[in-house]
Amino acid sequence: MKEIIVGNKAIVNTDIMSILYEIRSQLTNGKLADIKLRGGNISVTCPYHSNGKEKHASCYINLINDDVPYGYYYCFTCGSKGSFSEFVAECFDISKTSAEQWLLSHYDYVLLEDINNLYIPKFEVKKVDEPKFLDESILENFQPY
């Protein structure tokens, strides 16, 4: 499972489908009526147009394309696109900052600051002594007859 980056501060360790089902269970506005895994990505009803109540899911959330950030969404009908935090914000009709706070308060996460401060061992370079060679006089004793 890939991680969902929330803002520039944390990584949420929960899969997106679980988060979407949780969001839908808390919504009273009818948004996210359709959530399906299609072709490795998630298709959902777009929260931006038709007041979030379109008939056919036209919005996709990226799970597999490495060229696009994980969790990035795009609607093929209205053209809206953005981060997963922005998607959550639109579902709840709240600000992006509030959506990020909601994600961090509901799911396990790791602060990016903590990841950047992980202990990295320092390796010492030891000087190796020059190889020792046998004295030629010793070697002469072993010459073939």
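Two strands count as paired if DSSP finds at least two bridges between them. Strands (E, at least two residues) and helices (H or I, at least four) are DSSP runs, numbered from the N terminus. The model is predicted: local features need pLDDT of at least 70, side-chain atom pairs count only at pLDDT 80 or more, and totals for chains, interfaces and linings use all residues. Residues are numbered from 1 along each chain as its sequence is written, and side-chain values use heavy atoms, with hydrogens and water left out.

Reader: Which residue of β8 is the bridge partner of Val12?

Author: Strand β2 (residues 10-12) pairs with β8 in the antiparallel sense over 3 bridges. For Val12, the partner in β8 is Tyr109.

Reader: Which residue in the turn between β3 and β4 has a positive phi?

Author: Strand β3 (residues 35-38) runs antiparallel to β4, joined by 4 bridges. The two form a hairpin with 2 residues between them. In the turn, the residue with a positive phi, of about 60°, is Gly39.

Reader: Are the residues of strand β4 (residues 41-44) buried or exposed?

Author: Buried means under 20% relative accessible area, exposed over 50%, and partly exposed in between (1.4 Å probe, protein chains only). Asn41 and Ser43 point one way from β4, and Ile42 and Val44 the other way. On either side, all of these residues are buried.
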